[in-house]
Structures are given as C-alpha cells and as structure tokens.
Amino acid sequence: MQPVAKLPDTIRLRDESGGIAANMLPMGLNHMSVPNAGTLAVLNMAKSLDCVGVELRNDLKTPLFGDLAPDEAKDAATRAGLRILALAEVYGFNDNSDRVRSEVLALSDLARQSGAEAIVLIPRIETGPVRRVVQRRLLKTALAALQPIVQDSGIKALIEPLGFPYSSLRYKADVERVLDDLGRPECFALVHDTFHHALAEETDFYPDITQIVHISGVSNPAGPVVEFADHDRGLVTDDDRLGTVAQVKLLRAQGYRGPFSFEAFAPAVHSLADPKTDLSLSIAFIASAITERVM
C-alpha cells in the first residue's frame with residue numbers, strides 16, 4: 001500500500017453542524033485481518049492501534065479464543081480496555097435447520113462467557129442465483145425461528161448480507177424489510193460491509209439498525225466490482241474501488257456512531273511482516289479523508 005503519514009492528535013471529526021463530534025473514528029480489528037496472530041496478540045495490536053474492540057472468529061486455523069478459555073479472553077480484553085464486539089460466525093444461518101439453531105445457541109453461550117456483545121450470522125452461498133423473493137422468505141423464516149433463542153441468550157445476532165451474485169441474502173434492504181415485518185426485534189441488528197455493499201450495488205444505508213461496519217479496500221484495477229472475491233479485500237488506500245471512504249462518510253452523516261472494523265481477507269495482508277504499521281497507515285488515510293484540521 002502507499003505510505004501515508006500518521007495523523008497528528010489535532011485531527012478531529014466534525015458533525016453536520018460543524019461542531020466537534022469525536023477525536024477519531026471508533027475503529028475495530030477483525031481477527032481475519034491478522035489470522036496468524038494469537039488472541040492475545042490481536043488484543044495487543046488493537047490496543048496499540050487505539051481500537052475500541054476486536055471481533056474474534058471460529059473459521060480460522062486456530063480455535064476461537066486460541067489457548068484461552070472464554071472467561072480468560074474476557075479478562076484479557078478488559079485489561080486491554082477493549083470490547084469484544086462480536087464472535088463470528090454461524091454460516092448458512094438462513095437454512096432454518098436444527099444445525100443452525102444449535103450453533104446459534106452454542107455461539108451465544110460463548111459470547112456470554114467471553115463478554116462479547118454479539119454473534120454474526122452469515123448466509124449460505126449457493127451454486128446459482130437465488131431469486132430475491134426467495135431470499136426474503138428464507139430470511140424471515142430463519143429469523144422467526146431464531147428470535148426466541150437469541151432473545152433468551154441476551155446476545156445480539158448481527159445479520160451480514162453477502163453481495164456475491166450467488167448469495168442467498170445479498171441486500172441490506174431485504175433485512176430491513178423482514179425486520180419490519182417481524183416488528184423490529186431488538187435482538188437482531190445489521191452488519192454493513194463496505195465490500196459487500198459495493199458488490200450488491202446498493203445505494204441505501206441503514207444506520208438505525210447497523211451495529212458494526214466492516215471495512216476493507218480493493219485496489220485491483222481490472223474487472224468489474226461485482227466479480228471481486230474475498231482474496232481481493234485488502235486495506236483501504238487512495239486507489240480503493242469500493243468507495244469505502246464515501247460509505248464511511250455517508251454512514252456518519254446519517255447518524256451511525258458504531259465501530260468500523262477492519263476485515264481484510266487478502267493473502268498480501270495476511271503475509272505482512274508488520275501488519276500494525278500498515279493498519280495504522282490505513283487508519284490514518286481514512287481519517288485524513290473524512291476529517292478537517294482543528295486549529
């Protein structure tokens with residue numbers, strides 16, 4: 001990525017009225033961005049980057065909490081002054097199966113033990129297109145079945161649409177519609193992912209039901225955005241084709257104040273010798289693009 005100078009402490013965010021809104025964006029670190037690091041190393045890196053929290057995952061080579069028990073992960077995060085923003089993931093949650101209900105229950109229990117604020121629900125990727133009316137029906141049936149489980153757990157379940165062409169849930173608009181049909185249950189919320197927002201060619205934002213924003217950037221100059229894959233997802237730089245900075249600006253303009261969590265899948269990021277430096281430079285670039293200097 002191109003080098004970007006670290007921003008001085010005088011950078012501030014301004015709200016729509018011109019007043020100072022916050023010192024910096026509330027940043028998060030998804031374990032996928034540094035999958036070769038252990039849980040304690042992820043927490044230490046997030047702390048050194050002034051993040052507000054981390055997202056831990058069960059789909060990496062290492063166990064969900066590494067060598068730590070859930071309560072030990074909770075204590076380690078507390079000592080570092082960090083939140084565990086979410087545990088990911090339950091894949092194919094919209095299957096409405098016994099397997100899904102069992103996994104949601106188990107991951108919610110781990111979230112309680114570790115002090116995590118939420119779990120993440122991921123739709124299945126199919127082998128061909130899924131009609132949108134079918135996507136909504138699958139979602140509504142699944143959420144209706146999961147609602148009592150999630151409510152009893154006291155842990156929020158975050159729905160993350162995937163913008164891939166063969167995703168069984170592509171659009172945040174459909175999540176909002178189904179949640180409206182169900183009476184907006186507070187146990188569910190949305191993950192806005194800047195990569196999947198671009199792939200789905202969505203234009204609307206839903207800050208009132210969004211709890212986490214995943215950010216990544218794609219610098220690949222070739223091919224249409226809809227053909228991008230997870231391995232293209234790097235850090236955010238000035239040649240990003242996803243419009244991530246524009247998405248961050250619009251989300252904040254519309255009232256979103258939650259965390260923006262780095263979720264980079266690119267092997268080039270995973271193999272970095274010093275990921276902290278590159279993450280710091282990307283944070284600086286994003287901040288410089290959406291802030292103005294206060295004298």
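Q: What do the buried residues of H2 pack against?
A: They pack against helix H1 (39-48), strand S5 (83-91) and H3. Helices (H or I, at least four residues) and strands (E, at least two) are DSSP runs, numbered from the N terminus. This is a predicted model: local features need pLDDT of at least 70, and side-chain atom pairs count only at pLDDT 80 or more. Residues are numbered from 1 along each chain, and side-chain values use heavy atoms, without hydrogens and water.

Q: Which residues of H2 are called buried?
A: In H2 (residues 70-79) they are Pro70, Ala73, Ala76 and Ala77. Buried means under 20% relative accessible area, exposed over 50%, and partly exposed in between (1.4 Å probe, protein chains only).

Q: Why are the buried residues of H2 said to line one face of the helix?
A: Seen down the axis of H2, they fall within an arc of 120 degrees, so they line one face. On the other side, Thr78 and Arg79 are exposed.

Q: What makes H3 roughly parallel to H4?
A: H3 (residues 98-114) and H4 (residues 132-153) pack at an angle of about 15 degrees, with their axes 10 Å apart. Angles under 35 degrees count as roughly parallel. That makes H3 roughly parallel to H4.

Q: Which residues make the contact of H3 with H4?
A: H3 gives Val100, Arg101, Val104, Leu105, Ser108 and Arg112. H4 gives Ala145, Leu146, Ile149, Val150 and Ser153. Contact means heavy atoms within 4.5 Å.

Conventions:
Axes fitted to C-alpha atoms, helices over the stretch in contact; angles between N-to-C directions. Parallel < 35°, antiparallel > 145°, perpendicular 65-115°, else oblique. Arc of directions from axis to C-beta.
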